[in-house]
Amino acid sequence: MSEVLNHFLKYISYDTQSKDGVEAVPSTEKQKVLAQELALELRAMKAEDVIVDDHGYVYATIPATTDKPVPVLGFVSHMDTSPAFSGAGVKPQIVKNYDGNDILLNQETGLTMKVSDFPYLLKYKGQDIVTTDGTTLLGADDKAGVAEIMTMAEFLLSHPEIPHGKIRIGFTPDEEVGRGADFFDVKGFGAEVAYTVDGGGLGELEYENFNAASAKVKIHGTSIHPGSSKGKMKNALLMAMEFHNMLPAFDNPMYTDGYEGFFHLDSMEGSVEEAAMDYIIRDHSKEKFEEKKQFIRRVEEYLNSRYGAGTVEVLLRDSYFNMKEKIEPHMYLIDIAKAAMEELEIEPLVTPIRGGTDGARLSYEGLPCPNICTGGYNYHGKFEFIPVQSMEKVVELLLKIVEKFTER
């Protein structure tokens, strides 16, 4: 078994699912269990400055092996898995020498991952693919990134003859609920620049992401017995439906891709008396992002003018911003990663992230931090998979980036 696969299978056995709406970081104490395990492994590798802080962040140093003045380089991944789908009791299976056909994930339920639904499976014909059994997510987002960084660290620490500068490692909790950078010690981390290892398919390289905000909408109604409610009842459920229907129908994730933004209704609950909706708002363009926030405010104002002041309350909160403007002064990071990929015969795929990473927030806090691939697909669900050979290639990529950064 390859070293990176060995690390990966170990890490996905830990349930580290984060939880939205929790003020504490980490949002679930179980994330600290994996954090402590990673710290133990790093110490066993003879990494230096290994720390797990009170919030579950893990930091470590791979000491420099050259006297050449090389800026400190960082690598960052997150330990938590998405609240969207269970990450407990993961039962991975390895499809060896994948034959290009549909993959049966679960014998009992008949759940099948179909090539017609996921045609990019065919890119990995002949390789070994790690899948779920269809009852949980796999956890490649981002335990593949964690495993790849750990494998890189293990190799460098056991080969001190390889010249490189000081390298810093950081593993974060709660990235999936937008809190991964909240308590990241940028100053203490001490890196001049870094890469998050939190992308998708092999070759992905990203330095643009969404501007992001959340909108929590509360609708206050008036419940009256329906037999005597004429002119008195205000049905919060109906007003919630009206609110949603006033948003642009095609500014919706199911109709958008590339640089197109959206309003996404993530949850909805309620009764006649009160209803609540949670939205996320996304756009790559800062101008269009601000327009979307203004639009949702105008809907709030209109419904309050129609049904009475205070009927609709919208709490808008910015989450993160497009890191492009913070990376552009450091485009050598992209050039190094692209050159490293090309030397390893990986096709660079420079694409905008239709989401966000810790790197976006860290870039705004003074640590320029573009994102590179882990090799995985179909994150946050039962069809998640990752080719073993892609993970191995990403480890090679990280080592090549270190080499090129040292030579620069």
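Predicted model: local features only at pLDDT ≥ 70, side-chain atom pairs only at ≥ 80, totals over all residues.
A nonpolar surface patch is built from residues with over 30% relative accessible area and no salt bridge, their nonpolar side chains joined within 5 Å.

**The patch**

Leu238, Met241 and Met268 make a nonpolar surface patch of about 290 Å². Met268 belongs to strand E12. Its relative accessible area is 41%. That value lies between 20% and 50%, so Met268 counts as partly exposed.

**The sheet**

Strand E12 is part of an open sheet of four strands. The order is E12-E13-E11-E14, and the pairing is antiparallel. E12 and E14 are the edge strands, each pairing on one side only. On average, neighbouring strands are turned by 15° against each other, direction ignored.

E11 and E14 run antiparallel and are joined by eight bridges.

**The helices**

| Helix | Residues | Strands | Angle |
|---|---|---|---|
| H5 | 236-245 | lies across E11, E12, E13 and E14 | about 15° to E13 |
| H6 | 286-307 | touches E11, E12, E13 and E14 | about 165° with E14 |

Helix H5 lies across E11, E12, E13 and E14. Helix H6 packs on the sheet and touches these strands too: E11, E12, E13 and E14. The direction of H6 makes about 165° with that of E14, while H5 runs at about 15° to E13.

Conventions
Residues numbered from 1 in each chain as written. Heavy atoms only, no water. Pairing = 2+ DSSP bridges. Helix = DSSP H or I, 4+ residues; strand = E, 2+ residues; numbered from the N terminus. Axes fitted to C-alpha atoms, helices over the stretch in contact; angles between N-to-C directions. Contact = heavy atoms within 4.5 Å. Patch = residues over 30% accessible without salt bridge, like charges linked within 9 Å, V, L, I, M, F, W, Y side chains within 5 Å. Areas by Shrake-Rupley, 256 points an atom, 1.4 Å probe, with all protein chains shown as cover. Salt bridge = Lys/Arg side-chain N within 4 Å of Asp/Glu carboxyl O. Buried < 20%, exposed > 50% of the residue type's maximum accessible area, 1.4 Å probe, protein only.
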